[in-house]
2 protein chains.
Amino acid sequence: MTAYTATVTVRLKRGVLDPEAETTRKALERLGFDLEELRAADRFEIDLDADSEEEAGERAEKMAERLLANPTIHDYSVEVEGR
Amino acid sequence: MTAYTATVTVRLKRGVLDPEAETTRKALERLGFDLEELRAADRFEIDLDADSEEEAGERAEKMAERLLANPTIHDYSVEVEGR
């Protein structure tokens with residue numbers, strides 16, 4: 001068993017409204033910042049032990065499907081690295 | 001001016017309690033997943049135009065300092081790439 005950290009990034013799908021990100025963008029503009037667009041995402045860093053990088057990635061993917069992401073509105077991506 | 005995307009990742013500092021991440025970890029364990037630890041972070045992807053990658057990074061860093069992160073409880077990191 002090797003120690004890995006799997007990072008799951010959960011984003012809203014294109015076209016799904018994100019009022020919180022929109023509010024953040026406007027607040028930055030009010031502070032004088034110049035930006036085109038702002039997208040917010042959730043990032044989960046999961047420490048887990050697995051036999052291989054592939055196995056760690058598959059388990060993190062299942063966690064995303066079962067709990068971390070809502071497939072109706074979210075896309076997610078998984079990255080794995082040794083810890 | 002070149003189009004960049006600056007990614008700001010905002011994490012709780014070590015030692016700051018994160019009850020939401022703890023609840024997520026426990027929920028994953030109840031679903032039968034085996035994991036050591038789970039950390040949650042906020043990720044902001046900011047599209048902006050700047051004269052250089054350095055300038056884009058500095059502006060994103062200022063946004064983090066002014067609004068996106070709370071220096072008392074958060075650490076943040078900034079990555080910039082062309083868009």
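**Entry 1: helix 1 of chain B**

I began with helix 1 (residues 19-30) of chain B, which lies across strand 2 (37-50) of chain A together with strand 2 of chain B and runs at about 120° to strand 2 of chain B. I took contact to mean heavy atoms within 4.5 Å. Helices (H or I, at least four residues) and strands (E, at least two) are DSSP runs, numbered from the N terminus. Axes are lines fitted to C-alpha atoms, for helices over the stretch in contact, and angles run from 0 to 180 degrees between N-to-C directions.

I noted that this is a predicted model, in which local features need pLDDT of at least 70, side-chain atom pairs count only at pLDDT 80 or more, and totals for chains, interfaces and linings use all residues. Residues are numbered from 1 along each chain as its sequence is written, chains are lettered from A and ligands numbered from 1 in the order in which they are written, and side-chain values use heavy atoms, with hydrogens and water left out.

**Entry 2: B:Thr24**

I looked up B:Thr24, which has its place in helix 1 of chain B. I record B:Thr24 as buried because its relative accessibility is 15%; buried means under 20% relative accessible area, exposed over 50%, and partly exposed in between (1.4 Å probe, protein chains only). Apart from neighbours within four places in sequence, B:Thr24 is in contact with A:Phe44, A:Leu67, A:Leu68 and B:Leu38.

**Entry 3: the helix crossing**

I then followed helix 1 of chain B to helix 2 (residues 53-68) of chain A; their axes come within 11 Å and cross at roughly 105°. Helix 2 of chain A is therefore roughly perpendicular to helix 1 of chain B. On the scale used, angles under 35 degrees count as roughly parallel, over 145 as roughly antiparallel, 65 to 115 as roughly perpendicular and the rest as oblique. In this crossing A:Met63, A:Leu67 and A:Leu68 meet B:Thr24, B:Ala27 and B:Leu28.

**Entry 4: helix 2 of chain B**

Helix 2 (residues 53-68) of chain B lies across strand 1, strand 2 and strand 3 of chain B, at about 125° to strand 2 of chain B. I listed its buried residues as B:Ala56, B:Gly57, B:Arg59, B:Ala60, B:Met63, B:Ala64 and B:Leu68. They cover an arc of only 165° around the axis, so they lie on the same side of helix 2 of chain B; the arc is that of the directions from the helix axis to the C-beta atoms. Their cover includes helix 1 (19-30) of chain A together with strand 1, strand 2 and strand 3 of chain B. The face turned away from the buried side carries the exposed residues B:Glu54 and B:Arg66.

I traced an open sheet of six strands in the order 3(A)-1(A)-2(A)-2(B)-1(B)-3(B), with antiparallel pairing; two strands pair if DSSP finds at least two bridges between them. Strand 3 (74-82) of chain A and strand 3 (74-82) of chain B are the edge strands, each pairing on one side only. Eleven bridges join strand 2 of chain A to strand 2 of chain B, where A:Arg43 has B:Ala41 as its bridge partner. B:Ala41 also stands opposite B:Arg11.
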